[in-house]
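Subject: Structure for you, with notes

Hello,

Here is the structure I said I would pass on. My notes follow below it.

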Amino acid sequence: MNADTDTTRAIRQEAATGTIRMEVARYRPGQDAEPVTQSYEVPLISDWAVLDGLNYIKDQLDGSLSYRWSCRMGVCGSCGMTVNGEPRLTCGTFLTEYDRGPVRIEPLKGFPVIRDLVVDIDEFLAKLSSVRPWLVREGEEPPLTTEYAQTPEQLDAYKQYSMCINCLLCYSACPVYVLDPDFLGPAAIALAQRYNLDSRDMDDRFDVLNLDEAVWGCTFVGECTRVCPKHVDPAEAIQRYKLTAALRSVLPWSRR
Amino acid sequence: MIDVLIVGGGAAGLRAAVAVAERDPSLTVAVVSKVYPMRSHTVSAEGGAAAVIGIGDTLDEHCYDTISGGDWLCDQDAVEAFVNEAPRELIQLEHWGCPWSRESDGRVAVRPFGGMKKMRTWYAADKTGFHLLHTLFQTTLKYQDVIRYDEWYVTKLVVDDGRVHGVVAVEIRTGRVETIPARTVVLATGGCGRVFPFTTNAAIKTGDGMALAYREGAPLKDMEFVQYHPTGLPFTGILITEAARAEGGWLINKDGYRYLQDYDLGTPTPTPKLRSMELGPRDRLSQAFVHEQSKGRTVDTPYGPVVYLDLRHLGEDKIEARIPFVRELCRSYQNLDPAADLIPVRPVVHYMMGGVHTDIDGATPIAGLYAAGESACVSINGANRLGSNSLPECLVFGRRAGLAAAEFARAHTGGQARAVRTQGEDERRRLERVREGRRTGERVADLRERMQHTLEGAAGIYRTGDVLAKAVDTLADLRRRAEEVRFEDTSTAFNTELINLQELHTMLEVAQTIVACALNRQESRGAHQRTDFPARDDDAYLAHSLVHRAPDGTPSVGLLPVTITRWPPGERVYGRD
Amino acid sequence: MTTAYRPPRDRLWFARSRHYTLFVLRELTSVLVAWSIVFVLMLADAVLGGSLRQFAALAAQPWMIAINVVALVATVFHTITFLNLAPKATVVRLGGWRVPAWMIQGGNHSAWIVVSLLIAYVILRSP
Amino acid sequence: MKRTPEPYLWLLFSGGGVVAAFLLPVLVLLFGVLMPLGVVDWPTAEHLRALLGHVLVRVALLAVVVLCLFHAAHRIRFTSEELLGIARFDLVIAVICYGAAIAGGVVAAIIVF
Ligand SMILES: Cc1cc2nc3c(=O)[nH]c(=O)nc-3n(C[C@H](O)[C@H](O)[C@H](O)COP(=O)(O)OP(=O)(O)OC[C@H]3O[C@@H](n4cnc5c(N)ncnc54)[C@H](O)[C@@H]3O)c2cc1C
Ligand code: SF4
Ligand code: F3S
Ligand code: FES
């Protein structure tokens, strides 16, 4: 077994049409006072995503580069970064989109940077729990022999909002959030709406959504929806709740 | 002191956590996970989850499909428990809000799946695992007392005197190494597909839990049974779910011929027929691919030979409604549209049938240590898992393991403070030594690649004794070299090189057991096919492989009888009624 | 040790992408909406106070026309964006079928044209 | 539960947005651009006065003015905070913006009645 006979390497040599420069933001606490840029030359292979480029750097050039990834199929939500200024899933963004480069990779904007391309998302998790993202029912739970009925139309009413992979691209793109980290933000509100609009749910989460830092913080920039890789449309979720909350405030007797 | 400490935040781990929290709120539960729980690999599962609900389906039929699918290597008592409890688990998920796909009258819809004689696979479009995991994760948020250690990497189990006392883990963000004392530990760390080069598995699937248990003396079971999924996208290994075939997709070779008919899998019909052709089991379909390749009927690509999955006749509407994610993946990663183009596919390492040896309640031979999900081998999957049995397995045995651990924790208070302290100290010192760095030596990635190619060459779809024997030596050599790798990242904050190195060690450990078990089993059964022993041999090998770690660190393999209750071993018949 | 880096506020965020700039422009139409109201009030005052001629003279000043051309562009931009965004808040369902956004938007824009024509007719109708 | 005036402000803002969208472009086009440029003739003062003569029209005008001003006030409040990063002075800014809108409404009432 010899590294040179290794298929992946053969591919690299055969298919590479040249190289592309990746300019990667590095931040090592204790060592750097603020992020610095480090450049690497990476083979430009048509099937490579930006993430493959990063893996190449980590495996072959610089073992100390840190970033998150796992599924590399756009569903775990861990590989969000800022690529040439835009928040993107790096496993679903291809190097060839940037011609001959360079490609600039930075951590997601709007979050504290723990290290290199890794950001702190604990605040987001706290926000997520705060909207009660579970099915709220009143009364006894029925036995585990029958399901609640739900027609395909009823499913359709919230399905889109259930597709969120918590990748946080929307937070990074939202100027309101970047300015004010207390803003509950697009994905958390969309998730609240996912449950609100579920025919099986009995809550409306008014107490946590009808707040200045919740839906009323949003000025409908709409960037969240534009960058969302899963077409969740959080902007729509928020505007819809604004209407719900406004009507409920004006007509206090109307629920939902 | 934590009563039940769960390692792993996938379907199995989270189900265990909720089970404990619901059963006895006075118990302290913690979930340790090296990624945020909703990033766990369960999120990638696409096709569905099997459980009997339909009219005209019976529990016995699900048992039979599972057992014959597993080539009679399943423990039949475990299969019965699994099949009995799977429906209530999936309904429980429904009650927690899982957006299962529905019939027009509001009932949960089911779809056919490979190796299943009836339609019993529940699905949420083709993102079943994603919805299941997020529903579970969001439901656990309701139990605010469940402690979460997100992005903590467990490097060691503390075991003393045959009993587990906790774990040692690194907080990845800060690099802090801490010992977490616990009365019981549930391992739910998922599979180990990453020991192979070409896999559907996420980067985190490195067999950690298996290695952790194995190092402390718990045996692993049936490690030679590695499932290849017949339809992965060439370069990335991204899975095209079996649901694509269940909805009517065809596998064709380079001549446009539905080649499965040549391999005793039935005759082609225009619409899918259960347990026939494309809906045969995965082992048989992957093996058929190898034969097509040797006959020169596959298509060569830069990423190896492929056949085609043809969905064009399904039409755009059906593809959008039933398998939209397949379309999304093909478009984003293969630059083609399945409604108009053929999808190139090849077999890809997908699932580990083997795992930590447990009983029907998830208990391992180490007192207080439990395992569930893909990291465990209960075993219901035998020599070949049926698609859509794994998610319900995580739920059923995640819950069982959680409850058993809770029982144990209530019965056994007190702990071994001294063992915890000394073992924790030793482990911390070891990790800190690694982090001091090393300028010379090979790269972690290079050794990983060599291991992966060794495994692919020796323990692929077809295996032979000579190559396996050579792989034993290669892996032993790689293990030695892994002790002296180059290590560049000396910082504490989010040191992924440190994690990658620990993962290399666990993968090598697991790889050795796979090769050892494969070498030991001199027969062909399910996913384990020996060209030098092409027949199934029930007299000698109707038994589980059980592998212990010998004091010198090498695997030592023995056999353990299979539990057979009502279904005596028979012939596996597909496509013939 | 492990101090996370908090990037300082980006003062020029609105210039960082075309989308942000368009958003800010959309929001700034409100200034000209306010101006248009002032203008309409001046008109009403002139009509009711009998000084329409002076008002017409003022309105014919080049700088006044310039402002109003800008106001026209801004109010039209406001109208288009506002009517396009309206379907976001109001999801219309007919028997389970969700009316697609483009239909609602199309309806909004048609209504706008009808209303505008009606107003123009009422104002200009005089002999 | 925390109470917030935002829902009411948002309703006024949205209402104003709709009204402004439908009415303002045509009014500005006619009175601000086409008539001053002489493309169309100014209607007679009598005609316009007759239009405003109806009390319902005057009430409607007042409503239009108030709504549009609230719309503008609301947006100016948030945009200034976002552009200049001065959200911590929200209370002051809000008072100024909505105060101006209310003042405009009062002026309008004086003019039309
Ligand atoms: C692409 C794909 C599609 C699939 N589709 C289906 C399907 O349709 N139907 C079906 O039934 N099955 C399917 N499977 C199989 C099924 O998804 C998995 O077997 C199952 O999800 C495993 O779940 P788990 O809970 O055991 O582990 P995982 O979900 O893999 O979770 C493992 C957890 O352990 C944690 N962990 C691991 N090591 C450590 C450590 N050292 N320290 C701390 N934490 C650790 C991880 O962070 C993670 O939270 C599919 C698998 C793949 C790869
Ligand atoms: S809403 Fe979209 S962009 Fe935001 S976290 Fe969810 S998937 Fe990502
Ligand atoms: S980008 Fe931000 S302001 Fe609202 S519409 Fe989206 S959350
Ligand atoms: S690696 Fe999972 S979303 Fe990109």
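Please keep in mind that this is a predicted model. The notes go ligand by ligand, then turn to the backbone.

Ligand 1

Ligand 1 sits in the largest cavity. Its shell is made up of 39 residues, and those that come nearest are Ser33(B), Ser40(B), His41(B), Thr42(B) and Glu374(B). By class, 14 of the shell residues are nonpolar, 19 are polar and 6 are charged. Five elements of chain B each supply at least two residues of this shell: helices H1 (11–23) and H10 (390–411), and strands E2 (29–33), E7 (152–160) and E15 (343–352).

- Ala11(B) places a backbone N or O atom 3.1 Å from an oxygen atom of ligand 1.
- Val154(B) has a backbone N or O atom 2.9 Å from a nitrogen atom of ligand 1.
- Arg385(B) uses a polar side-chain atom, which lies 3.1 Å from a nitrogen atom of ligand 1.

Taken alone, ligand 1 would expose 1000 Å², of which the protein buries 99%.

Backbone

Which residue of the loop between H9 and H10 of chain A deserves a look? Asp233(A) is found there, and its phi is positive, about 60°, although Asp233(A) is not a glycine. In chain B, the peptide bond from Val378(B) to Ser379(B) is cis, with omega near 5°. Ser379(B) has its place in the loop between strand E18 (376–377) and H10 of chain B. I list both points because most residues other than glycine have a negative phi, and most peptide bonds are trans.

Lastly, chain D. Helix H3 (residues 55–84) of chain D has 30 residues and reaches 43 Å from its first C-alpha to its last, close to the 44 Å expected at 1.5 Å a residue. Gly85(D) follows H3(D), with a positive phi near 65°.

Regards

Note on methods. Residues numbered from 1 in each chain as written. Chains lettered and ligands numbered in written order. Predicted model: local features only at pLDDT ≥ 70, side-chain atom pairs only at ≥ 80, totals over all residues. Heavy atoms only, no water. Near = heavy atom within 4 Å. Polar contact = N/O pair within 3.5 Å; in protein donor to acceptor, adjacent residues only side chain to side chain. Areas by Shrake-Rupley, 256 points an atom, 1.4 Å probe, with all protein chains shown as cover. 1 Å grid on protein atoms, 1.4 Å probe; cavity = no way out; pocket = protein on both sides within 12 Å on 5 of 7 lines; lining within 4 Å. Sits in = over half its atoms within 2 Å of the grid points. Helix = DSSP H or I, 4+ residues; strand = E, 2+ residues; numbered from the N terminus. Nonpolar A, V, L, I, M, F, W, Y, C, P; charged D, E, K, R; others polar. Expected span 1.5 Å × (residues − 1).
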